Amino acid sequence: MTSLGSTAPIGPRTSRRPALLAALALGATLLQAPLAAPAGAATTGLVRVNQVGYADSGAKEAFLLSKAAVTGAGWKLLDTAGATVASGTTGTSLGSWNSAYPAVYLIDFTGVRAAGTYRIEVAGAATGSSPSFTIGAAGTLFGALTDDATAFFQSQRDGRATVPGRLNRKPAHLTDATATVYNWPAFTSSDGDTIKAAPTRIGGTVDVEGGWFDAGDYLKFTETASYADAALQLAARESGAAPGSALRAEAQHGLDWLDKMWDGKTATLYIQVGLGSGTANGGVVGDHDVWRLPERDDTDAAHPFLKNRPVFRAGAPGARISPNQAGRIAADFALGAQLWAAADPVRAKRYLDTAGQVYALADTAPGTLVTTVPHAYYPEDSWKDDLAFGGAELALAGQALADPRTSGWLARAADWAAAYDATGNTDTLNMYNTSALAQAELARAIRAAGNPGGLAIGYDALVADLKAQITGAKARADRDPFHMGAVYSDFDADSHALGLAATTRLYRDLTGDTALNRFGVQQTDWILGANAWGTSMMVGAGTTYPHCTAGQLPNLAGGLNGGSAVQLGAIVNGPNGTGQFSGGLGDHLDGMRACPPGGTDAFSAFTGHGSRYVDDVRSWQSSEPALDMTASALLAFALSG
C-alpha cells in the first residue's frame, strides 16, 4: 500500500510571506526587456479573460499575453453575430510574465454595459482570441457562482446528511456518532504526520458525526470549519438568504457540527476527527494511507482507525482554549445568534450564550496555538485578530438580542483589535488571518452603538485599517502584469486573492466608498481566468477549469478524464512556489485514477514569477480543493451580487 504521505507531504499552508525576496523577484521580472517582434510579422498571443463574465456596471479588463513586444496590436470586442461592439489598440506592456511570454498588454472595455455573450479578437501586430464570456447583471453572474460554491460544501458533507449531487455521495463515517476520545499521538518529526505509535484512549465516546471533510482527504477540523462556517454565515446574512435556502442550510450544517465539537457541560473543545497518517511500518493506518471513498471506512474492519475514527480534544475539560479557535468559534455561534434573532430568539439566545462561554475561556497568553494534530497541517500563529472578530460578532448579536453583556463584548473586541494593530501584522484575509472581518464587523457594531467613547479603537481607525489592507495589496497589483494583489509563490495565492476581493466589498458596503471597486473586480477576474495560465481556479466555472483536483471524492466518482468527475464549485490552491514542486508529483497511489490520463502538464509553458500551476490529481501543491479557500470565494461572490 502506497502512503499518501509519500506523494503528498505536508505543505506548510502558512500566510507568512518572503516579502523581500518576492519584491526583488518582481522587480527583476519587470526589468526584463521584452524582445520585439520582427518588423511586419505578427506575433502569437493569448487573450486572457474572466471566463465567467463581467458585471455590466463594473470594470472589464482582459490581457494579451504575447510572445514578443508589439506596438499597437488591434483588438475588437465581438458579439455573437460577429459585430464589433468596441475596439482599440494595446498600449505599453504591463510587464513580463516569463521568457516565453515577455510582454502582457491590457485590453480595457469597461465602457461596454450591454448584456450579452462576447469574445475578443486581436489582430495586426499580434494575433489571438479569447473564449466566449458574458456581460450581465452582477446578481445573476455572482449568484450562480455562490450557488456552485455552496454545492461544493454539500459535496464535502460527512455523516448521515450527505447530499448525493453529481458525485453520488453516500452516508459515511456513521461511527463518528460514538467516536472515542484519544490522546494526541507522538510524531516522528516536527514537520510530518507519521506517528511513532498508536494513540491511546483517554475518554469515553462523543457524537461528532456530520460536518465537512477539510480538503481532498476525510479529516475534519474545527480549525478550518470555524473559518468556513463564519464565511458562509456572513454570506447568508449579507445576501439576505432565507432560512430554507441552500446557503442557510449549509451554514447551519457547519454550525450544527461545531455545536457537537463543543461540550458546554464539561467546557471541552474537540478539535479533530480522524488520524492523518499511521506508523512508518504500516502497523497503524491513518486517513492519508488509503485512497478510497469514505463510505468504505464504515465496514473496514482491517483498519480500526478508519472504521472507528479517533477524536482529539484541545485540552482537558475546563482548560483555557487556544485563542485562535476560541475567537473564531465564538464568532460562529454569535453569527448563528444574529441569523436566528428574529425568527427564533430562543435558539439565538442559546447560541449567544455558547459564544460567550467559549470566548470567556480564551487563553490570552498562549504558547504554540492549537490548530490540528499535528500542528504542521495548519501552522497558524496569529490570534488577536480572531479574538477581535469573536468579540465583534458577540457585540452585534448582543445588539440584535438586547443582551446586557453587549457593551462589555464591544470593549473587549476593541481591545483586541487595537492589540492586533500593535503587532504590525500585514497579512490579509484568509483562514490564518481574520483581521479584515474583525475590523469591518467591529466598525459596524461601534456605529450601531452610536460611536461610544472610551474604546481602545474607534470607527474611523478601523475603517482606515481595513482600507490599508486593500491599498497595500493594490500597490502590488498595480505592478503586476495581471493585476493580481497576492503573491504567486505563496501557498495560498488563490485564498488571498479571494480574501482581497471579499475585503474590498466589505469596505464598500461599510463606507459607501467605491474608489477601490476596480481592484476587487481584478481579483475575481484573476481567479476566473484572467491570469497567465488562462484557467479558472474554480471547478465548473468558465471554459477552462480544474478537472483533475487532488481529492478522493471526484477522482473515484468516475465519469471524466480517465475516471475522474468534477467537484462543482471547488476552489483549488492555484499557483504555488516552484520549490514546492522540486520533488516532482510522485507516483499514483494504489486505487488512484490517473488524471490527466497521460500525465501531461498542459500549463507548463506558463510557469513564471516563481510559481507553477499543475492540474493533476497528484498535485496537492496546486490542485487540492479545501474548505477555507472555497469559503473565501463564496463570501466574495455573495458580496458581489
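At roughly what angle do the axes of helix α9 (residues 384-401) and helix α10 (residues 406-423) cross? They cross at roughly 155° and come within 8 Å.

The model is predicted: local features need pLDDT of at least 70, side-chain atom pairs count only at pLDDT 80 or more, and totals for chains, interfaces and linings use all residues. Residues are numbered from 1 along each chain as its sequence is written, and side-chain values use heavy atoms, with hydrogens and water left out.

**View 1. Helices α9 and α10.**
With their axes crossing at roughly 155°, α9 and α10 are therefore roughly antiparallel to each other. Axes are lines fitted to C-alpha atoms, for helices over the stretch in contact, and angles run from 0 to 180 degrees between N-to-C directions. Angles under 35 degrees count as roughly parallel, over 145 as roughly antiparallel, 65 to 115 as roughly perpendicular and the rest as oblique. Helices (H or I, at least four residues) and strands (E, at least two) are DSSP runs, numbered from the N terminus. The crossing of α9 and α10 is left-handed, a term used if the near helix is turned anticlockwise from the far one by less than a right angle; clockwise gives right-handed. From α9, the residues that meet α10 include Leu387, Ala388, Gly391 and Leu394. Those on the α10 side include Trp409, Leu410, Ala413 and Trp416. Contact means heavy atoms within 4.5 Å. By class, the contact of α9 with α10 has 12 nonpolar, 5 polar and 2 charged residues. Ala, Val, Leu, Ile, Met, Phe, Trp, Tyr, Cys and Pro count as nonpolar, Asp, Glu, Lys and Arg as charged, and the others, Gly among them, as polar.

**View 2. Helices α7 and α8.**
Helix α7 (residues 323-340) and helix α8 (residues 345-360) have axes that come within 8 Å and cross at roughly 165°. The two helices are therefore roughly antiparallel to each other, and their crossing is left-handed. Among the residues making the contact are Ile329, Phe333 and Trp340 of α7 and Pro345, Tyr351 and Val358 of α8. The contact of α7 with α8 comprises 14 nonpolar, 2 polar and 1 charged residues.

**View 3. Helices α3 and α16.**
The axes of helix α3 (residues 138-155) and helix α16 (residues 627-640) cross at roughly 155° and come within 8 Å. α3 and α16 are therefore roughly antiparallel, with a left-handed crossing. On the α3 side the contact includes Phe142, Leu145, Phe152 and Phe153, and on the α16 side Leu627, Leu634 and Phe637. The residues of this contact are 11 nonpolar and 4 polar, with no charged ones.

**View 4. The covering of helix α14.**
Helix α14 is mostly covered, with 9 of its 11 residues buried. Buried means under 20% relative accessible area, exposed over 50%, and partly exposed in between (1.4 Å probe, protein chains only). The buried residues of α14 include Phe519, Val521, Trp526 and Ile527. Among the elements that cover them are β2 (53-55), β3 (61-66), α12 (459-479), α13 and α16. Gly529, with a positive phi near 125°, follows α14.

**View 5. The disulfide of Cys548 and Cys595.**
A search of the whole structure finds 1 disulfide, a pair of cysteine sulfur atoms within 2.5 Å. It joins Cys548 to Cys595, S to S 2.1 Å. The link of Cys548 and Cys595 is left-handed, with -65° about the S-S bond. Cys548 lies in the loop between α14 (517-527) and α15 (552-557) and Cys595 in the loop between β16 (576-577) and β17 (611-612), so the pair ties together parts that are 47 residues apart in sequence. Cys548 is buried at 3% relative accessibility, and Cys595 is buried at 0%.

Glu250 sits in helix α5 (residues 246-261) and counts as buried at 0% relative accessibility. Not counting residues up to four places away in sequence, Glu250 touches Thr150, Phe153, Gln154, Arg157, Trp212, Asp229 and Leu232. Asp193 is in the loop between β10 (179-182) and β11 (201-206) and is buried, with a relative accessible area of 8%. Asp513, in the loop between α13 (493-511) and α14, is partly exposed at 23%. Leaving aside neighbours within four places in sequence, Asp513 is in contact with Lys467, Tyr507 and Arg508.
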